[in-house]
Amino acid sequence: MSRVYNYSAGPSMLPLEVLEEAQRDFVDYQGCGMSVCEMSHRSKQYDAINNECLSLIRELMNVPDNYSIILVQGGGSTQFEAVPLNLLKTGKADYIVTGNFAKKAYKEAIKYGDIHVAASSEDKTFTYIPKTFDLRDDADYTYICQNNTIFGTRFTKLPETKNPLVADISSNILSEKMDVSKYGVLFAGAQKNIGPAGVTVVIVRNDLITDGMPICPTMLKWKTQVDNNSLYNTPPCFSIYMTMLNMRYLKAHGGVEEQQKINEYKAGLLYDFIDNSDFYTNKVNKEDRSLMNVPFVSPTPELDAEFIAQASKNGFLSIKGHRLVGGMRASIYNAMPVSGITDLIEFMKKFELAHK
Ligand SMILES: *Cc1c(COP(=O)(O)O)cnc(C)c1O
């Protein structure tokens, strides 16, 4: 068997042990004579998977008792509309626009209310996180995308807001410690740091679980899934099962605290190498750098294309940057091993020598 290093921004790598455990149990889950793919979501076996998944997320993220966790479908993108539909009361919300996903969320929200851009870093192609914000205290919420997957930036310090802070953490959930009590709502599509695509984790402070706007569809209403332990309709059972296995794996390997140390080490190796090179460049403001997504360029777009082609031939897959940025991007989520960084650096050195 030959496994590659996959630097895709998502779906991304999962630990081999997790894949192998799912493989062992695939046809006959724990002696029940069928696969999790075939199992009723009302069965006692599935109920145990659902509950263990929810309680592991709660434990690993240290989610306080006054918050609910739900598992929903539609990816991170569906929450772009679910957020205003659940939270708008006065009709006002403030958005901090730090990249493509924040902008998409803003564009959904403006359909439903008076939405104000409290800060934007688009003037410098989203290479930094704004430090001052024009916030309205009477808005229903303030929205951020905490880690900007495409541009490789992240908030290292949260904005101070008078109203609930809503954060898209699709690409940094479980990668570093977070104080959940500082947020009103957190959400993340699974396919970057949690498990396979198909499931989205939403964490909501209980006082924000309401009927929402009168036009809020039942399926987008967080209350619907909160009231039904995420079993209102058929969930993506297999994705949730894989997520549960991945959460067990993370817990067995020291949880988020240990994972953060590894992530800081991995990102540090790569940024140090890039910073000390006169061939590769990372254009992001240093203090705002992401631990998960590392964009970089070589001296020319032609060399970038050559780098991507050579990398792919050598087992470093999906390292092409997003079309909005160009160049390369190494997404180095939790499951990327340290060797995926050190081997990549060796490859980068060789490429530089051959093309300088
Ligand atoms: C990938 C991503 C999304 C979109 O997620 P989908 O599950 O594909 O809808 C949203 N926000 C961020 C920060 C992301 O990285």
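I begin with a term: a polar contact is a pair of N or O atoms within 3.5 Å; within protein, one atom must be able to donate a hydrogen and the other to accept it, and residues adjacent in sequence count only if both atoms are side-chain atoms.

A word on the source. This is a predicted model, in which local features need pLDDT of at least 70 and side-chain atom pairs count only at pLDDT 80 or more, while totals for chains, interfaces and linings use all residues. Residues are numbered from 1 along each chain as its sequence is written, and side-chain values use heavy atoms, with hydrogens and water left out.

Let me stay with S40. S40 is placed in the loop between α1 (16–24) and α2 (44–61); helices here are DSSP runs of H or I with at least four residues, strands are runs of E with at least two, and both are numbered from the N terminus. With a relative accessible area of 39%, S40 is partly exposed, that is, between buried (under 20%) and exposed (over 50%), using a 1.4 Å probe and protein chains only. S40 and T234 stand 194 residues apart in sequence, yet their C-alpha atoms are 8.6 Å apart in space.

I turn to the ligand. Which residues come nearest to the ligand? Of the 13 residues around it, they are S77, T149, D168, Q191 and K192, where a residue is near if one of its heavy atoms lies within 4 Å. D168 places a polar side-chain atom 2.6 Å from a ligand nitrogen. Of the 390 Å² of accessible area that the ligand has on its own, the protein covers 86%, with areas taken from the Shrake-Rupley method. Helix α3 (residues 75–87) gives the largest share of the shell, four residues.

Next, helix α9. Its 17 residues, 339–355, reach 24 Å from first C-alpha to last, close to the 24 Å expected at 1.5 Å a residue; that expectation is 1.5 Å times one less than the number of residues. Buried in α9 are G340, I341, L344, I345, F347, M348, F351 and E352. Seen down the axis, these buried residues fall within an arc of 165°, so they line one face of the helix; the arc is that of the directions from the helix axis to the C-beta atoms. On the other side, K350, L353 and A354 are exposed.

In strand β5 (residues 142–145) we find T142. T142 is buried, at 0% relative accessibility, and its side chain makes a polar contact of 2.7 Å with the side chain of N163.

Finally, the backbone. Most residues other than glycine have a negative phi, and most peptide bonds are trans. The bond from G10 to P11 is cis, with omega near -10°. F126 has a positive phi near 60° and is buried, at 6% relative accessibility. N229 also has a positive phi, about 50°, and is partly exposed, with a relative accessible area of 34%.

Terms used:
Areas by Shrake-Rupley, 256 points an atom, 1.4 Å probe, with all protein chains shown as cover.
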